[in-house]
Amino acid sequence: MDLRMMAFDSPLFSVLQHLHDAGDDSDKSVSGPSRTYARDAKAMAATAADVMEYPNSYAFVIDMPGLKSGDIKVQVEDDNVLVISGERRRQEEEKEGAAKYVRMERRVGKFMRKFVLPENANTDKISAVCRDGVLTVTVEKLPPPEPKKPKTIEVKIA
């Protein structure tokens with residue numbers, strides 16, 4: 001669409017025309033976030049978590065009502081990113097003449113949370129337990145490094 005044909009010849013309209021035309025020709029990967037990114041961001045925003053620090057460990061607590069252990073995945077990416085993800089599915093009714101949903105309020109779909117672990121987290125000692133619909137992921141801490149002892153240098157008399 002050329003706005004100049006409709007007697008819009010001002011510089012503002014030519015800039016708008018240029019932006020409009022550039023939007024049609026541009027690569028979609030540059031113009032906005034990908035579909036995967038938007039889906040992951042939505043899944044992360046909808047998953048609430050509590051993070052606690054204990055003297056010897058970190059605990060990540062997330063509500064997971066109605067999920068089985070096969071529906072939950074706990075992983076470590078890039079050696080220091082804890083990823084908790086999964087999917088909550090709607091129960092399918094197979095009977096003919098079964099009840100219809102009047103209201104659907106419980107959230108279904110994918111969920112995910114990512115946590116950057118501190119340097120003293122021991123990624124080899126991670127445990128996950130789901131009890132009564134609450135997932136608790138425990139990450140043990142590495143023991144503190146030994147303090148360096150001062151080096152004593154003998155003074156010689158010359």
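In the predicted model, serine 57 belongs to strand E2. Serine 57 counts as buried because its relative accessibility is 11%, under the 20% limit. Leaving aside neighbours within four places in sequence, the contacts of serine 57 are with Met52, Thr138, Val139, Glu140 and Lys141. One of these, methionine 52, is placed in strand E1 and counts as partly exposed, with a relative accessibility of 33%. With neighbours within four places again left aside, methionine 52 is in contact with Ser57, Tyr58, Ala59 and Val61. Methionine 52 and threonine 138 are separated by 86 residues in sequence, whereas their C-alpha atoms lie 9.6 Å apart in space.

The overall fold provides the setting for these contacts. The protein contains three helices and seven strands, and their order along the sequence is α-α-α-β-β-β-β-β-β-β. Of its 158 residues, 21% count as buried. Among contacts in the protein with a separation of 6 or more, 54% are made by residues 24 or more positions apart.

Strand E2 pairs with two of the strands described here. Strand E1, which spans residues 50-53, runs antiparallel to E2 and is joined to it by four bridges, and a hairpin of three residues connects E1 to E2. Within this pairing, aspartate 50 has valine 61 of E2 as its bridge partner. Valine 61 also stands opposite threonine 136 in E7, and the antiparallel pairing of E2 with E7 comprises seven bridges. Six of the seven residues of E2 are buried, and the strand is therefore largely enclosed by the rest of the structure.

Strand E7 is in turn paired with E6, again through seven bridges and in the antiparallel sense. In this pairing, alanine 128 has valine 137 of E7 as its bridge partner. The hairpin of E6 and E7 has two residues between the strands, and aspartate 132 in this hairpin adopts a positive phi near 55°. Asparagine 122 is located in E6, which covers residues 121-131, and is classed as buried because its relative accessibility of 14% falls under 20%. Beyond residues up to four places away in sequence, asparagine 122 touches Val139, Glu140, Lys141 and Leu142. Val139, Glu140 and Lys141 are also among the residues in contact with serine 57.

The largest nonpolar core of the model contains 15 residues, of which Phe60, Met64, Leu82 and Ile84 touch the most other members. Two or more residues are given to this core by each of strand E2 (57-63), strand E4 (81-88), strand E5 (109-116) and strand E7 (134-141). For methionine 64, the contacts that remain once neighbours within four places in sequence are left aside are with Ile72, Ile84, Arg88, Phe111, Cys130, Gly133, Val134 and Leu135.

Arginine 88, one of the contacts of methionine 64, lies in strand E4. Despite its charged class, arginine 88 is buried, because its relative accessible area is 17% and thus under the 20% cut-off. Apart from residues up to four places away in sequence, arginine 88 touches Asp63, Met64, Pro65, Leu67, Arg107, Val108, Gly109 and Phe111. Arginine 88 and glycine 66 are 22 residues apart in sequence, and the distance between their C-alpha atoms is 8.2 Å.

Both arginine 88 and glycine 66 also take part in lining the largest pocket, which holds about 340 Å³ of space. By class, the lining comprises three nonpolar, two polar and seven charged residues.

Definitions and conventions: Residues are numbered from 1 along each chain as its sequence is written. This is a predicted model: local features need pLDDT of at least 70, side-chain atom pairs count only at pLDDT 80 or more; totals for chains, interfaces and linings use all residues. Side-chain values use heavy atoms; hydrogens and water are left out. On a 1 Å grid over the protein atoms alone, a cavity is a set of points where a 1.4 Å probe fits but cannot get out, and a pocket is an open set with protein on both sides within 12 Å along at least five of seven lines; lining residues have an atom within 4 Å of a point. Grid points are joined across faces, edges and corners, and a volume is the space filled by probe spheres set on the points. A nonpolar core is a set of buried Ala, Val, Leu, Ile, Met, Phe, Trp, Tyr and Cys residues joined through side-chain atoms within 4.5 Å. Buried means under 20% relative accessible area, exposed over 50%, partly exposed in between (1.4 Å probe, protein chains only). Contact means heavy atoms within 4.5 Å. Two strands pair if DSSP finds at least two bridges between them.
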